[in-house]
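Please keep the structure open while you read.

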Amino acid sequence: MRQSCPTRPLSAIPMPFQNIDRQDCFIVQQERHLGQDIMQAAALWNAHGPDLFLRRGTTGILETELRTLLPAGAQALAEDALCLARRYQRLSGLAEIRFRLEKVRHDSCRRFHVDHVPLRLLCTYTGPGVQWKHADSEIIHDTPACWITLLKGRLYPGWSTKGAVLHRSPPISDLPVPVTRLLLTLDHPDACGMGRR
């Protein structure tokens with residue numbers, strides 16, 4: 001399994017998620033090839049799950065609430081998403097996180113941008129993954145489905161524009177065949193106006 005921080009030499013990154021705190025690293029990606037059980041579970045969620053599952057809380061609370069909405073046969077998807085949530089929670093040090101699992105069928109966030117959060121983790125289970133580029137470059141990088149992407153946001157301690165990485169949702173409205181992206185987003189519990197319950 002290849003792991004990398006695209007803003008730094010590959011050989012210098014033995015454990016990518018732990019290297020996101022380096023000043024010159026703005027994005028970490030981990031290549032993944034998920035099993036058929038997870039991909040079938042993702043297809044079942046697309047067919048029978050809610051369009052949007054958006055909650056904030058501890059990983060235990062998120063697990064309880066997510067399992068109440070699981071379509072039959074989608075257990076493997078929940079287990080993988082919750083595994084990523086626990087990984088993100090340990091990395092961020094947050095007691096609570098924001099968990100967003102969404103079906104995206106349109107062009108969303110077409111402009112390249114930096115999020116107003118400390119850290120954001122993205123994983124697209126179905127459909128094309130996030131696109132990203134360096135702020136001083138026009139080269140666009142496409143992320144394959146199922147890869148994990150961890151991005152520094154503007155609120156990350158010590159964040160600066162020098163070497164920054166911008167990202168966007170991939171345009172899908174012009175594709176010859178309709179596509180549903182199943183996107184998992186993990187970040188700060190107050191992101192995007194969640195606020196406290």
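1. Where is the place of R168? R168 sits in strand β9, residues 165–168. Helices (H or I, at least four residues) and strands (E, at least two) are DSSP runs, numbered from the N terminus.

2. A word on the basis. This is a predicted model: local features need pLDDT of at least 70, side-chain atom pairs count only at pLDDT 80 or more, and totals for chains, interfaces and linings use all residues. Residues are numbered from 1 along each chain as its sequence is written, and side-chain values use heavy atoms, with hydrogens and water left out.

3. The protein chain has three helices and 10 strands. Along the sequence they run β-β-α-β-α-α-β-β-β-β-β-β-β. Of the 197 residues, 47% are buried (under 20% relative accessible area, with exposed over 50% and partly exposed in between; 1.4 Å probe, protein chains only). Take the contacts (heavy atoms within 4.5 Å) with a separation of 6 or more: residues 24 or more positions apart account for 75% of them.

4. Back to R168. This residue is buried yet has no salt bridge (a side-chain nitrogen of Lys or Arg within 4 Å of a carboxyl oxygen of Asp or Glu). The nearest side chain of opposite charge, D142, is 6.9 Å away. Lys and Arg count as positive and Asp and Glu as negative; His and the chain ends are not counted.

5. What does R168 touch? Leaving aside residues up to four places away in sequence, R168 touches C109, R110, R111, F112, H113, V130, Q131 and I140. The side chains of R168 and Q131 are also joined by a polar contact of 2.7 Å (a pair of N or O atoms within 3.5 Å; within protein, one must be able to donate a hydrogen and the other to accept it, and residues adjacent in sequence count only if both atoms are side-chain atoms).

6. Now helix α2, residues 59–67. T59, L62 and L66 are buried there. Seen down the axis of α2, its buried residues fall within an arc of 55°, so they line one face of the helix. The arc is that of the directions from the helix axis to the C-beta atoms. The cover over these buried residues includes α1 (36–48), β3 (52–57), α3 and β4 (97–104).

7. One backbone point to check. C146 has a phi near 80°, a positive value in a residue other than glycine. Most residues other than glycine have a negative phi. C146 lies in the loop between β7 (141–142) and β8 (148–152). At 6% relative accessibility, C146 counts as buried.
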